[in-house]
Amino acid sequence: MALVTCPDCQRNVSTLAEDCPGCGRPMAGRQDIVGGRRVRTVERTAKRFKGLIFLSSLALLAGIWGMITKAQTWPIICLVLGLPLLAFGKFMAWWHHG
Ligand SMILES: [Zn+2]
């Protein structure tokens with residue numbers, strides 16, 4: 001493990017670090033780190049779609065609950081928005097992992 005000086009804050013940073021712990025400057029250059037970055041991007045993407053699935057599920061639940069309590073318009077809006085969002089989220093999650 002070697003140390004390099006951060007060009008921004010002059011702090012000693014490990015070459016294994018993905019970014020400077022002092023100022024957050026990305027420490028690019030190493031191939032394996034670039035590979036690690038790509039893995040991290042995939043994880044972030046998956047989380048975004050999981051969030052979408054979660055939100056659309058909430059919208060669907062709210063819609064169903066609204067139907068039960070016989071509310072007028074908003075349960076339909078929830079269902080109309082929630083269903084395609086849930087389908088889209090599930091599809092994108094599958095697309096990025098399948
Ligand atoms: Zn720095």
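G82 counts as buried because it has 21 C-beta neighbours inside 10 Å. Buried here means 20 or more other C-beta atoms within 10 Å of a residue's own; 12 or fewer is exposed, in between is partly exposed, and C-beta atoms are placed from the backbone. This is a predicted model: local features need pLDDT of at least 70, side-chain atom pairs count only at pLDDT 80 or more, and totals for chains, interfaces and linings use all residues. Residues are numbered from 1 along each chain as its sequence is written.

**Around G82**
- G82 sits in helix α2.
- Leaving aside residues up to four places away in sequence, G82 touches S56, A59, L60 and G63. Contact means C-beta atoms, placed from the backbone, within 7 Å.
- The C-alpha atoms of G82 and I53 are separated by 9.0 Å. Along the chain, the two are 29 residues apart.

**Helix α2**
- P75, C78, G82 and G89 are buried in α2.

**Whole protein**
- The pattern along the sequence is β-β-α-α. Helices (H or I, at least four residues) and strands (E, at least two) are DSSP runs, numbered from the N terminus.
- Of the 98 residues, 9% count as buried.

**Confidence**
- Mean pLDDT, the predictor's confidence in each residue from 0 to 100, is 78 for the protein.
- Confidence is lowest in helix α1 (residues 31-68), at a mean of 72. Strand β2 (residues 12-14) is highest, at 88.

How values were computed:
Contact = placed C-beta atoms within 7 Å.
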